[in-house]
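Dear colleague,

Please find below the structure that I am handing over to you. A summary of the findings follows it.

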Amino acid sequence: MKEALVSKGPQVEIVNTPIPSLPSPDHILIRVVVTGTNPKDWKLPDLYEQDARTNSGDDIAGIVHTVGANVFEFKPGDRVAAFHEMRTPHGSFAEYAVAWQHTTFHIPSNISFEEAAALPLAAMTSVVGLYDRLGLPQPWSPEVSRDEVTDIPLLIYGASSAVGFYGLQFALRSNMHPLICVAGSAKEYVRGFIDESKGDVVVDYRDGPEATVEGIKRALKGRELKYALDAVSLPESLDNIAEVLSTDGGHVTLVLGHPKKGLKEGQKYSVTMVGDVHNDHRDLGYVYFRYIARGLAEGWFKPQRVEVVPGGLGGVRKALEDLKKGRASGVKYVMRIEETEGLVKGDRHHRLLTHNFTPTPTFNKIQFTTALLLALQATFALTSSAPAPAADLSTAQLEAECGSLHANTYNETALPSDVDPAQIRHCVETPPAPPPRKTPSANATASRAARPSTAAAGAGTAGGAAAGAGARGAGRR
Ligand SMILES: NC(=O)c1ccc[n+]([C@@H]2O[C@H](COP(=O)([O-])OP(=O)(O)OC[C@H]3O[C@@H](n4cnc5c(N)ncnc54)[C@H](OP(=O)(O)O)[C@@H]3O)[C@@H](O)[C@H]2O)c1
């Protein structure tokens with residue numbers, strides 16, 4: 001598979017590498033459809049030797065390919081997003097990535113892969129900041145009912161940043177008001193989310209430090225500011241916050257660790273670390289990723305707006321350069337992996353499987369026609385003696401691509417109805433079992449696997465074993 005390695009600069013190198021094996025029974029192997037990006041993706045390789053030449057991407061949106069033995073919520077074919085564990089191998093800048101099951105969540109059908117890739121790391125950072133560090137009321141048990149207006153001001157400094165934007169939405173869900181949001185070029189974007197009828201405001205930091213501090217004080221109307229999320233965490237933002245934060249236990253949580261020179265006596269600070277959800281805050285990550293999925297499905301939680309950087313993995317360098325130059329303004333840079341130059345073609349079923357059928361009102365004609373054309377194309381290629389535009393992989397290639405896993409065919413049903421399950425490439429974690437005893441269902445599987453096509457001829461060799469291994473896989477699910 002293709003993988004992008006990031007070095008100081010950022011320099012990005014695209015290499016061929018084996019598909020990863022599952023690091024643990026609690027891991028999921030995901031075929032990445034879209035990768036997101038974060039400032040740390042260039043910062044860590046820039047700053048630390050150990051992070052040089054690594055696949056530093058952590059935001060995954062894709063399709064479950066293989067699950068570990070302890071995974072109970074996901075199965076191959078599921079559309080998922082995940083937060084890859086930072087500074088570990090097999091991140092999102094690749095065709096396949098791994099993630100822990102507790103930091104993986106289902107993508108609701110109203111959310112595209114592009115949107116989903118904008119969520120995991122930044123949204124979870126805001127969760128750790130608001131609910132662990134600041135200890136704000138949980139969204140499911142706000143201080144007062146939703147009909148009432150709370151009087152707990154919260155300052156979100158950098159509300160148009162990815163972390164600030166998600167923090168803003170969670171704070172709304174926790175019924176925190178007034179929300180005092182500091183933003184600049186993207187301030188109108190932020191204004192579209194706040195509730196000005198409840199005292200929420202946007203303050204423009206570009207007017208300078210004095211005007212920013214004045215704007216925050218005006219919004220406070222004499223109330224004490226006890227809570228602040230500093231999603232910028234530069235000396236300038238902290239200095240401004242120090243001017244408005246209560247000196248009677250006011251608490252600011254930062255997203256970067258640096259000398260806290262500006263703070264005054266009686267003001268507290270903490271440093272938010274999203275990596276906690278892969279350490280001692282696993283349950284927080286587990287609960288909130290599922291809550292995010294619910295919020296997305298119900299519509300009260302929105303993905304950040306996205307900009308698709310062209311070229312797939314070839315776009316990683318530009319995305320990271322733009323992040324480094326501070327060009328991202330209320331936007332998340334994402335890349336579609338299938339746009340990567342030189343990908344092994346021959347997985348038309350993957351393209352069918354990953355095609356994003358968002359159920360919009362216009363689905364009926366346009367998307368149905370697209371689906372039909374794709375299905376016809378696949379059917380034609382399977383049955384025609386003419387060379388298929390994108391031939392399926394041979395068994396040898398498939399096994400090579402599966403690395404230490406085993407080539408198999410996919411015999412589950414969580415697929416679009418126009419896709420023959422027997423033709424789906426699949427790698428399984430366990431060794432193939434001996435051929436099963438002949439039962440009606442085993443016969444059916446075998447006859448599907450024996451269909452005349454390049455793929456069937458290739459994968460069909462593994463077909464007998466596939467039936468057994470597939471059945472075990474089904475048991476696990
Ligand atoms: N500790 C952790 O676990 C953790 C996790 C995630 C991120 N981070 C860090 O948190 C920071 C934010 O990350 P991100 O992904 O949210 O960044 P981002 O989306 O790329 O941030 C860009 C946004 O920052 C805003 N901004 C820039 N300077 C500002 C200022 N002086 N005052 C107010 N807003 C300002 C810009 O606002 P306008 O466009 O409106 O002008 C822009 O929308 C980064 O330093 C990142 O490394 C830390």
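Residues are numbered from 1 along each chain as its sequence is written. This is a predicted model, in which local features need pLDDT of at least 70, side-chain atom pairs count only at pLDDT 80 or more, and totals for chains, interfaces and linings use all residues.

Helices (H or I, at least four residues) and strands (E, at least two) are DSSP runs, numbered from the N terminus. Helix α4 spans residues 162-173 and has 12 residues. From first C-alpha to last, α4 reaches 17 Å, close to the expected 16 Å, a span defined as 1.5 Å times one less than the number of residues. Of the 12 residues of α4, 11 are buried (20 or more other C-beta atoms within 10 Å of the residue's own, with C-beta atoms placed from the backbone). Among them are F165, Y166, L168 and F170. The buried residues of α4 pack against α3 (120-133), β8 (154-157), β9 (179-183), α5 (187-191), β11 (227-230) and β15 (332-336); contact here requires C-beta atoms, placed from the backbone, within 7 Å. Just after α4, N175 takes a positive phi of about 60°.

The ligand is surrounded by 33 residues, the closest being S161, A162, G184, A186 and S329 (a residue counts if its C-beta atom, placed from the backbone, lies within 6 Å of the molecule). The elements that each supply at least two residues of this shell include α3 and α4, and α3 gives the largest share, 3 residues. Both domain 1 (2-119 + 303-339) and domain 2 (124-275) contribute at least three residues to the shell; the domain bounds come from an automatic or database domain assignment.

The largest nonpolar core has 108 residues, of which I30, A81, L155, I156 and C181 touch the most other members. Such a core is a set of buried Ala, Val, Leu, Ile, Met, Phe, Trp, Tyr and Cys residues joined through C-beta atoms within 7 Å. The largest share of this core, 8 residues, comes from α4. Leaving aside neighbours within four places in sequence, L155 is in contact with I180, I216, L225, A228, I241 and V244.

Finally, A99 is found in strand β6 (residues 96-100). A99 is buried, because 30 other C-beta atoms lie within 10 Å. A99 and A82 are 17 residues apart in sequence, and 6.3 Å apart in space from C-alpha to C-alpha.

Yours sincerely

Definitions and conventions
Two residues are in contact if their C-beta atoms, placed from the backbone, lie within 7 Å.
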